[in-house]
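Reader: I'd like to learn how to read a few local features from a model. Could you walk me through them one by one?

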Amino acid sequence: MSVNWKDLKREIHNEVEKVWFHEPAEVTMSKLGIFPSGAGTNNQYLGNLFFLNADTQAMGWWTIEPTMYCVLGDKNFSLDICKQLFIYLNGPIAHLLGDVLEPNCPAPWLNMPKFAYFHDKIVESYATIETKEELRDLLWSWFCYVNRINSWFYTVLPWELGKNLQRKDVDDVQQLADLLGYKLEHK
């Protein structure tokens, strides 16, 4: 039995309301370095936070959301093609962030089980979506959720680490070149 897109939209909307003002447990776990899946390189989790921030941004406002709205508004793309594009664009990231793959990955890889869950439910609801406007309405809720989670990850990323990664300007480069005996040519 398929999922009705209107019921799913309500479920996603309810999740957005839960996380709008209150940091979700998945974000709190991530910022504290708790990854039951074992994700991370050399027992570090900065890369995990980076990917959570970047991938949720790509899924939402930066790449996939505007692409989906463009194809949904383009008469050259049918409803079926738009549905398939959603799968191609969202599926890999949603499942990377939220799948469990036993035995090596006993928990959602990057702590985001709702990403895989909602992606799959959206696909299950396709049989009840009859127009591009209905798909757009459902995806508006999905992208609202994705963008809110991205906002949380943007907020908890340890930006203070950048204090040790100061940009070098032209004078710094020239000083280093002089110190090493290199002649720089300015163009």
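Reader: Let's begin with disulfides: how many does the structure hold?

Author: In general, a disulfide is a covalent bond between the sulfur atoms of two cysteines. This is a predicted model, and the count in it is 0. Take Cys70, which is in no disulfide: the nearest cysteine sulfur belongs to Cys82 and is 11 Å away.

Reader: Thanks! Is Cys70 buried or exposed?

Author: The cut-offs are under 20% relative accessible area for buried and over 50% for exposed. Cys70 has 54%, so it is exposed. Cys105, at 7% relative accessibility, counts as buried.

Reader: Next, the backbone. Which residues are joined by a cis peptide bond?

Author: The angle to look at is omega. Glu102 and Pro103 are joined by a cis peptide bond, with omega at about 0°. Pro103 sits in the loop between α5 (79-98) and α6 (113-124).

Reader: And phi: what is its value at Asn111?

Author: About 65°, a positive phi, although Asn111 is not a glycine. Asn111 belongs to the loop between α5 and α6. With a relative accessibility of 4%, Asn111 is classed as buried. Asn42 also has a positive phi, about 55°, and is not a glycine either. Its place is the loop between α2 and α3, where Asn42 is exposed because its relative accessible area is 66%.

Reader: What about Thr41, where is that residue?

Author: Thr41 lies in the loop between α2 (25-31) and α3 (46-62). Its relative accessible area is 57%, so Thr41 is exposed. As an exercise in sequence versus space, pair Thr41 with Pro113: they are 72 residues apart in sequence, and their C-alpha atoms are 21 Å apart.

Reader: Now a helix. What span should α6 have, and what do its ends give?

Author: Count 1.5 Å a residue: the 12 residues of α6 should span 16 Å, and the end C-alpha atoms are 17 Å apart, which agrees.

Reader: Which residues of α6 are buried?

Author: Here is the general idea: an α-helix has 3.6 residues a turn, so residues three or four places apart point the same way. In α6, the buried residues are Phe115, Ala116, Phe118, His119 and Ile122.

Reader: What covers them?

Author: The cover over the buried residues of α6 includes α1 (5-20), α3, α5 and α7 (132-156).

Key:
Residues are numbered from 1 along each chain as its sequence is written. This is a predicted model: local features need pLDDT of at least 70, side-chain atom pairs count only at pLDDT 80 or more; totals for chains, interfaces and linings use all residues. Side-chain values use heavy atoms; hydrogens and water are left out. Helices (H or I, at least four residues) and strands (E, at least two) are DSSP runs, numbered from the N terminus. Buried means under 20% relative accessible area, exposed over 50%, partly exposed in between (1.4 Å probe, protein chains only). The expected span of a helix is 1.5 Å times one less than its number of residues. Contact means heavy atoms within 4.5 Å. A disulfide is a pair of cysteine sulfur atoms within 2.5 Å.
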